[in-house]
Amino acid sequence: MKVAVAKYPVEAPRDFAAFAAKQRVLLAQAQRGGAELAVLPEYLSLELAAGLSPEIRSDLTASMAALQPLQSAWNALYQGLARELGMFIQAGTFLTELGQGRYRNRAWWFAPDGRNGFQDKLQLTGFERATGIIESGDSLEVFEAGAVRTGIAVCYDVQFPLPVRSQWEHGARLLLVPSCTDTEAGATRVRVGCMARALENRLFVAQAVTAGIAEWSPALDINTGEASVYSPMDHGLPADGLLASTRGDEVWAIAQLDFAGLEASRATAQVANDRDWILQRSRPHDANTTRGEAFPAA
């Protein structure tokens, strides 16, 4: 399977039609590159706020509320493009109202055969928590992308091992990570999280990012990082765990993922973090007793 991840250039589309035209152009580029699955970044829906009045688009709460009527058109757009282009699309995230002014950061996926679904972000950043209206998701999902069982970890979620481990235990061998960071430190945290999840679970991780400056937006104002596809670091796989990454103004990084080879690599692996994960629970975790008091392992 070929997977494409976007270093998505945040711009200021004047309306939904302009936004839709941009999606068609960019996703067609990925498809011409051979991609069977494309990943777009977190907070993608907020680019649509550019077409709102200055007083609304500069206010995150007002922007989220004003964009809700576009949810059905958003779903129809990506469902249609998935069918038309014959590819799976992970359409970044749409901040979706659940009622009573409460929102979830929702990552939708769309299949060429008409199937779709979503994964809500589980772990909230300080920025999201401070809004007082964005809440955590309450379930983990996996879905079938062709013959590959796939999970989604939205940005900060990839920095937490246990939910991703649960997705792996339910068959996920590909993890999609729509992300948005505004500092180099944030970009590094997400990158390290992606690499750690690839290593400990022996799976592929595909991360999309936002790029550029959008001073009109309180959420998309500054954007950092490179879109990348990661693998475990072992025999037959890149020593640095990097299968593909954008550079400069490149929009797409595309990688061929060999899932049969990934499975076969277990037999010759230098390390087997995925298999040895369970051993963490059977080893003593006592503190060093030379300068303090030992405590029972959890």
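Glu128 is in contact (heavy atoms within 4.5 Å) with Glu42, Tyr43, Asn105, Lys121, Gln123 and Ile134, leaving aside its neighbours within four places in sequence. The model is predicted: local features need pLDDT of at least 70, side-chain atom pairs count only at pLDDT 80 or more, and totals for chains, interfaces and linings use all residues. Residues are numbered from 1 along each chain as its sequence is written, and side-chain values use heavy atoms, with hydrogens and water left out.

**Glu128**
- Glu128 lies in helix H5. Helices are DSSP runs of H or I with at least four residues, strands are E runs of at least two, and both are numbered from the N terminus.
- Glu128 is buried, at a relative accessible area of 0%. Buried means under 20%, exposed over 50%, and partly exposed in between, with a 1.4 Å probe and protein chains only.
- The side chain of Glu128 has a polar contact of 2.7 Å with that of Tyr43. A polar contact is a pair of N or O atoms within 3.5 Å; within protein, one must be able to donate a hydrogen and the other to accept it, and residues adjacent in sequence count only if both atoms are side-chain atoms.
- The side chains of Glu128 and Asn105 also make a polar contact, at 3.2 Å.

**Lys121**
- Lys121 sits in the loop between strand S5 (116-120) and helix H5 (126-131).
- Lys121 is buried, with a relative accessible area of 1%.
- Its side chain forms a polar contact of 2.8 Å with the side chain of Glu42.
- Beyond four places in sequence, the residues in contact with Lys121 include Glu42, Asn105, Glu128, Glu135 and Asp157.

**Leu85**
- Leu85 belongs to helix H4 (residues 71-85).
- Leu85 is buried, at a relative accessible area of 13%.
- Leaving aside neighbours within four places in sequence, Leu85 is in contact with Leu27, Ala28 and Gln31.
- From Leu85 to Glu215 is 130 residues in sequence and 33 Å in space, C-alpha to C-alpha.

**Whole chain**
- The protein chain has nine helices and 13 strands.
- Its radius of gyration is 20 Å, close to the 19 Å that the globule rule gives for 298 residues, so the chain is as compact as a globular protein of that length. The radius is taken over C-alpha atoms, and the rule is 2.2 Å times the number of residues to the power 0.38.
- Along the principal axes, the C-alpha atoms fill a box of roughly 65 × 45 × 35 Å.
- Buried residues make up 50% of the 298 residues.
- Of contacts between residues at least 6 apart in sequence, 66% join residues at least 24 apart.
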